[in-house]
Each structure stands twice: as C-alpha cells, then as structure tokens.
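This report describes a single protein model from its computed geometry. It is intended to be read beside the sequence and the coordinates.

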Amino acid sequence: MDLGIRGKRALVCASSKGLGRGCAEALAEAGVDLVMNARGGEALERAAQEIRDRFGVTVTTVACDVTTPEGQEQLIEAAQGVDILVTNAGGPPPGMWTDWDREDFIRALDANMLSPIALIKALVPGMMERGWGRVVNITSQSVKSPIPQLGLSNAARAGLTGYVAGTSRQVAPSGVTINNLLPGIHDTDRAASLDDGVSKKEGISAGDARKKREASIPARRYGTPAEFGATCAFLCSQHAGFMVGQNVLLDGGAGNQTM
C-alpha cells in the first residue's frame, strides 16, 4: 500500500532504538525524511546512518533529552516545517503507590505529558497553516488498562490522553490529525527491564519471567518494533485522515476490554 507520504518530513522522538526506531524505519521506508532524536549521541548516529543506508532518506539527528526545556528547544528548532510528529519518551520506573512523592510525579508529567504537549504546541500551528499534518503520541496500554505497579505512567499518560481528546478536535478542521498509539508488551529494552524486575522479585530467571508474561498475552508473544512502526506509519499516512483523537491499542489482545 502506498502511504502517500513520500517526501514528507517527520520528527520522531526517542528513536535510536525500540518502538521509536521502529516508527522511524517504517516512515523512512515510506519515503519520509527524518529528524531523529535520542539522548545518546553515539547510538543515535549509528541508527541514523543505518536508516540512511537502507532507505536513502535524509536524516537529521538531534542528541538531547526531550523531557527538558533545553532539549525541547533544540528539537523544535531542528524540526521547523515538519509534516509529521511522533512523540515518545521512556516511561517512569515501576513501584508501589506509597513509593512516590510530588517530585516523582513532576518528573513523570514532564516526560510523558508536558513534553509531548510542548512539541505539539510548537509544531502543529505550522501544519495547520499548510493544511496537512499528522501527530502520533506513543503512550501505553495502561491508558485503557491501568497497570498497578506503573502508577506514575498511568497518571501522566492519561493526562496526555485527555489533552489530545480535546485538542485533536480543534485542529482537525485544518487537516491535522492527532492520535495516540498504545503499545502493550513489545520486545524492547523497556520490556527486558520490567522482566528483570519480576525476575528479582519472584526469584526466577529473566527468561522464565518473560515466558510467564507471554503466557498472559492472547497472541502468546511480545510485539515487535517493526509491526508497531508499521501501525504508526499508517496513522501518519494519507489513509488515516478521518481518524481523529483515537487511542489505538496494539497489545496482542492483553487488554480485556469490549471497547
């Protein structure tokens, strides 16, 4: 399927690895030039060069922390005129509700709610002026099915979801869509970290912790960054222009909801 976005330009946050890289690769395969971001400059440059070599698109890199005002300023300057924005940032650490104080919540909000909002506010007006744009926020399955040990993430990502629900309907008349993509467990460093936590807590191997979680997913496996990226690219395509303010769950059936 021709996604109809060849020659467009996209900012993909936290894209040197994991789900962000999956999105960057899928967009590059569709012919989209990229602005890629990550905190680690070496890994970012390596990923960018691999994408240039494989897909022949132009890739600009910005090594910075998107959760800080300084990092956002760098990104916004480099991404002026983009047609597509994919927001993404690592989730806060797991724990118990008794573990967290105000500063923990502020950090979570900065990373997973306020940073995406800052990028949306900076870059969407240009999309509106040009009459076309796509925003995809990588959030979490926890927006629909809260995960008890991820209370910080549950709270911050739910806040972003509420913001998008209203904002997406305000910008839609200008040809700009904003949607959220909700990953379940995918084969990334984040999943490995959570498996290690279960391993230590339950006194089992990391492999057994993974098998235990895979057994709880109807698809009986973790998702892949490639299939996640393909879904992101579709949401960014010409074919998704009638999707506004939606929360697209990609979790192998793990969330047990009717809607």
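**Basis**

The model is predicted; local features need pLDDT of at least 70 and side-chain atom pairs count only at pLDDT 80 or more, whereas totals for chains, interfaces and linings use all residues. Residues are numbered from 1 along each chain as its sequence is written, and side-chain values use heavy atoms, with hydrogens and water left out.

Helices (H or I, at least four residues) and strands (E, at least two) are DSSP runs, numbered from the N terminus. Buried denotes under 20% relative accessible area, exposed over 50%, and partly exposed the range in between (1.4 Å probe, protein chains only).

Strands count as paired if DSSP finds at least two bridges between them. β1 and β2 run parallel and are joined by four bridges; A10 has L34 in β2 as its bridge partner. Together with α1, these two strands make a right-handed β-α-β unit. A crossover is called right-handed if, with the strands pointing away from the viewer, the path from the first strand over the helix to the second runs clockwise.

On to β3, the pairing of β2 is again in the parallel sense, over five bridges, and V35 stands opposite T60 in β3. The chain passes from β2 through α2 to β3 in a right-handed β-α-β crossover. Five of the six residues of β2 are buried, so this strand is largely enclosed by the rest of the structure.

Which strand has eight of its eight residues buried? This is β6 (residues 176-183), and it is therefore largely enclosed by the rest of the structure. V176, I178, N180 and L182 point one way from β6, while T177, N179, L181 and P183 point the other way. In general, the side chains of a regular strand alternate between the two faces of the sheet.

β5 (residues 133-138) pairs with β6 in the parallel sense over six bridges, and N137 has N180 as its bridge partner in β6.

**Helix α3**

Within α3 (residues 69-78), the buried residues are G71, Q72, L75 and I76. Seen down the helix axis, they fall within an arc of 130 degrees (taken from the directions from the axis to the C-beta atoms), so they line one face of α3. P69, E70, E73 and E77 are exposed on the other side. The buried residues of α3 pack against β1 (9-12), β2 (33-38), β3 (59-63) and α4 (102-130), where contact means heavy atoms within 4.5 Å.

**Nonpolar cores**

A nonpolar core is a set of buried Ala, Val, Leu, Ile, Met, Phe, Trp, Tyr and Cys residues joined through side-chain atoms within 4.5 Å. The largest has 33 residues, of which L27, L34, M36, I84 and V86 touch the most other members. Elements giving two or more residues to this core include β4 (84-87) and α8 (225-235); α1 gives the most, with six residues.

Not counting residues up to four places away in sequence, M36 touches V12, S15, A24, L44, A47, A48, I51, V59, T60, T61 and V62. A second, separate core of 25 residues includes V35, I120, M127 and L160.

**Aromatic pair**

A search of the whole structure finds one aromatic pair. Rings of Phe, Tyr and Trp (its six-membered ring) pair if their centres lie within 6.5 Å; planes under 30 degrees apart count as stacked, over 60 as edge-to-face and the rest as tilted. W100 and F105 are edge-to-face, at 6.2 Å centre to centre with 85 degrees between the planes.

**Backbone and accessibility**

A14, in the loop between β1 and α1, has a phi near 50 degrees, a positive value in a residue other than glycine. R220, in the loop between α7 (206-215) and α8, has a positive phi near 60 degrees. Most residues other than glycine have a negative phi.

| Residue | Relative accessibility | Class |
|---|---|---|
| A14 | 25% | partly exposed |
| R220 | 54% | exposed |
| W100 | 15% | buried |
| F105 | 33% | partly exposed |
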